[in-house]
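Subject: Two-chain model, handover and notes

Hello,

Here is the model I said I would pass on. Please look it over first; my notes follow below it.

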Amino acid sequence: MKGISITIPKLSDPRFIFLMFTFCFLGYILFLPGYGRSASEYLFLMSLCLFFDFFLRGIMDGKWVFPLSGLVSAFGLFMICDVSSPIYYIPMAILAMGSKFFIKIKSRHIFNPTTFGVVFTSLAFPSAVSPTGLLRWDGNLFMSLFIFICGLLMVIKVNRWAVSASYYLTAVAVATPLSFFIHENPYTYLHSLMWEGIVVYTFFNLTDPKTSPHKLKYQLLYGASIAVLTQFFRTFDMRLPEHKALLIACFLYAAIDIYIRDKEKIEVWKVREVSIGGR
Amino acid sequence: MKFQKSLLYFFCAFVGFLLFAKGQYFPLAPQGDSLFKQKIVLNERSEKANIHFTHKNDFFLSERFIEASKKILPFYNSISASVSVVDINNDGWQDFFVPSPSPNSKSHLYINQKDGTFVEKAVEYGLAQLSSPVRAGFFDCDNDGTQEILLTSYKCPSLYQNRGGKYQRIFKFPEPCTFAMGFNILDYDKDGLLDIAIAPFSRTLPNSWHSASNGPGGLMLYKNMGHCKFEADTNHLREPAKHYTHAIGVADLRNLNRQDLWAATDFNRDRIFFQNEDGGYSQAQEVLKKPKAHNGMSVSAAYVTNQKYPSIYISQVYEPGYSIFGNQLWTFDGQQFVDSAKERKINNCGWSWGSKFSDINNDGLVDLVVANGFISTTTGINYWDKIGRFIFASKRYLNNPWNWMSFEGASWSGHQRDCIFMNQGADFVNIAEQIHFDEDLRDGRGLATIDTLNNGKVGFIVANQRQKLSYYQNETESGNNWIGLKLIGTTSNRDAIGASVEAELSNGERKKYSHYPFNGYSAQSDSRIHIGLGKNNLKSIRVKWPHGLNELYTHLKMNQYNTLIESKGKLIETLSY
């Protein structure tokens, strides 16, 4: 009898570092008085993401892989979005994980699943899904610092520090002079950059190794372009400027990569195979 | 090729999903508008009734310190419209008072002419020129049959008494005190004298949208020491936390003949205070299931169906894409409070403020009216669009007005239509659009019920912020029976605040009401109890008086107001507290 072979990531997989942080943050935010979401809601969303990640990959690619990406995406979605009913986690999980398996260029998914799920669910259900959930993080600068340090370790590990650095520097460089034109206090955006949610976004969403550039020069350009796009959207008071900018940058990068071949040597998560039920 | 095919599938599925979402959830108009069969007629009759009041609030323009934050003046001046319904001359007809806080403006007192019109007499009563008044509460603090006034303002609250026909200040609350919209009148120690529960709001800005810790203070009790002298009572309640409280509701939340308190809190969770056996209060936050929304504006209480415990309706901010949870209807289930607003279809009413339960069509089911809208302008600038620029700033940053985007010309959840939720038993249906309610879409704040013609048709007054007052006369021809009750306490407080009434109908049904006319937001409603009976007749009325007497009243006349005097009914039992 032939068993089922499941691919599981090795412990050196950088996503485990992310998961470690995830559970720290989760513990923190669930105890915040203003967070308004329960552990059972997280478990529900996590189950959905795991389910869709596992089975969509099985069906689409014919491989049974431990759904670590689903775990990571579940946290991102849970952290960012307020939903008026947990039922909205279903389309959110489908969109997030679906984007990973259905929207591909050169066999590589082009959008960060969390960002895709957040943007499109909140556009489709504005009366039931709100991405202002990040507000519930309490605006604690010490927590921001903690996330910043964790994020820094993570981006060094996955070799994406240039994306975050470029994003931060460009954002400051563009936002400061721009604030005078849009009659905004120049410090306002700098403070926004220190918000816990934005720090998570900068270090974890932007630096998804699967969807962000590989070479240093492209990473710098990628981070800078997202920062410029974000400022553009903010200037016109558009909702979700950071996430929309990231989606557009992901798409543009994937399209340009056809020609520049930055992802020829695509990063592959370190995995090992385990057989279940075989004789 | 494989890429194109899978992308095509995903695109088709996505378009289908969007169509589904659009059909199901995009419509922001209240659902099921045309479903309510009976014709409800609520007409705006302020002109016809001779009511010409426009609320003015430029208080902060006159405050020098606020020069630094001119750009958010509309925000500062956005929460002071209130209305108080009272029978000020004891003629059996309901009058009302509307304060105006601007330094050079005049508050109005409208005296009922018994023909559907009013005459303005604030000057005659000495109530026209008061010091920046924001909310008035009329109650009999010395049980002499005349109404004193608790007046909150941008400074310390004061108490006014009618002396020789004119109201004069007799008591000023001691410092420290500040601007307060949220207060309620109750006799928490059951000594027969009405006390005050009050909680401040603030001129400062919150340091968080969900867990602000820099509010002006907590809930305070002021005990009536007799002769309308009040003293802060920290023995019964002490709340050191600093909150932004919009309203305080009183209700017997656990059906224990107690006067529990619910504080509708902005920028944080609501606080619940259970009354203990000894009359003191303890905070009972753990019974509230983790609440999603943190913008409590008003507290109204009613027995929505024939349930054991009263339900508490909390107004919240609802704005698609930003604040999506809407209003809440909390009911105690014996262990904790459960929110059923969504199931009952009363959660979506925009940026909600004053709310009031009342039986509009006398069918025996309490309906719900909600005033809404925050700041309306005609420039087309939407402040929700601007909020994304600074909303993610840190706690330290948020409470500095310099860091907020300018409000100049901006609308923030403006031009919203008030809601009329008609009770259908299992759920409600909003008929506001159907009956063209509030066509002018003003920014409603305080909302009070009033039966102007004493005919059992309860109408509404909506105090609109910096706009013309709305007066809705109920002209519904329902053909249903009703009964009105004016309660007069003798050993209890004379206004009988805190009394509960149970009506037994000819079909055996029992309907419960509690008498707390100050519940809601920044409003005092008709001080009489109005009960719709449907097509039934009334068998009896049982009154639990605040001091403990439980009496039965029979042979009451339907379709008119009856005066019930404590200890004149048939004694059933005496409850001790």
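How many bridges join strand β15 of chain B to strand β16 of chain B? Three do, and the two strands, residues 260–266 and residues 271–275, run antiparallel. Before the rest, please keep in mind that this is a predicted model.

The sheet around β16 in chain B

β15 and β16 belong to an open sheet of four strands in chain B, ordered β14-β15-β16-β17, with antiparallel pairing. At its edges are β14 (244–251) and β17 (281–283) of chain B, and each of these pairs on one side only. From one strand to the next the twist averages 25°.

As a reminder on sheets, strands pair through backbone hydrogen bonds, either parallel or antiparallel.

A second sheet in chain B

Chain B has another open sheet to look at, made of four strands in the order β10-β11-β12-β13, and its pairing is antiparallel. β10 (182–186) and β13 (230–232) of chain B each have a single partner strand, so each of them has one side without a neighbour in the sheet. The twist in this sheet averages 25° from one strand to the next. Inside it, β11 (residues 195–199) and β12 (residues 220–224) of chain B run antiparallel and are joined by three bridges. Ile198(B) has Met220(B) in β12(B) as its bridge partner.

Chain B as a whole

Chain B contains five helices and 39 strands. Its radius of gyration is 23 Å, which agrees with the value near 25 Å that a compact globule of 577 residues would have. Taken along the principal axes, the box filled by the C-alpha atoms of chain B is roughly 90 × 60 × 50 Å. Of the 577 residues of this chain, 54% count as buried. Among the contacts in chain B with a separation of 6 or more, 61% are between residues 24 or more positions apart.

Chain A as a whole

In chain A there are 11 helices and seven strands. The radius of gyration of chain A is 19 Å, close to the 19 Å given by the globule rule for 279 residues, so chain A is as compact as a globular protein of that length. Its C-alpha atoms fill a box of roughly 70 × 45 × 35 Å along the principal axes. Of the 279 residues in chain A, 49% count as buried. For contacts in chain A between residues at least 6 apart in sequence, 77% join residues at least 24 apart.

A helix pair in chain A

Helix α1 (residues 14–30) of chain A packs against helix α6 (residues 141–157) of chain A at an angle of about 170°, and their axes are 9 Å apart. Because angles over 145 degrees count as roughly antiparallel, α1(A) is roughly antiparallel to α6(A). From α1(A), the residues in this contact are Pro14(A), Ile17(A), Phe18(A), Phe21(A) and Tyr28(A). They meet Met143(A), Cys150(A), Leu153(A), Met154(A) and Lys157(A) in α6(A). By class, this contact has nine nonpolar residues, no polar residues and one charged residue.

Where the chains touch

The contact between the chains takes 43 residues from chain A and 41 residues from chain B. On the side of chain A that touches chain B, the elements that give two or more residues are α4 (89–102), β4 (104–105), α5 (113–124), β6 (129–130), α8 (186–193) and α9 (196–205) of chain A. That side of chain A has 18 nonpolar, 17 polar and eight charged residues.

Regards

Note on methods. Residues are numbered from 1 along each chain as its sequence is written. Chains are lettered from A and ligands numbered from 1 in the order in which they are written. This is a predicted model: local features need pLDDT of at least 70, side-chain atom pairs count only at pLDDT 80 or more; totals for chains, interfaces and linings use all residues. Two residues are in contact if their C-beta atoms, placed from the backbone, lie within 7 Å. Ala, Val, Leu, Ile, Met, Phe, Trp, Tyr, Cys and Pro count as nonpolar, Asp, Glu, Lys and Arg as charged, and the others, Gly among them, as polar. The radius of gyration is taken over C-alpha atoms; the globule rule is 2.2 Å times the number of residues to the power 0.38. A residue is buried if 20 or more other C-beta atoms lie within 10 Å of its own, exposed if 12 or fewer, and partly exposed in between; C-beta atoms are placed from the backbone. Axes are lines fitted to C-alpha atoms, for helices over the stretch in contact, and angles run from 0 to 180 degrees between N-to-C directions. Angles under 35 degrees count as roughly parallel, over 145 as roughly antiparallel, 65 to 115 as roughly perpendicular and the rest as oblique. Two strands pair if DSSP finds at least two bridges between them.
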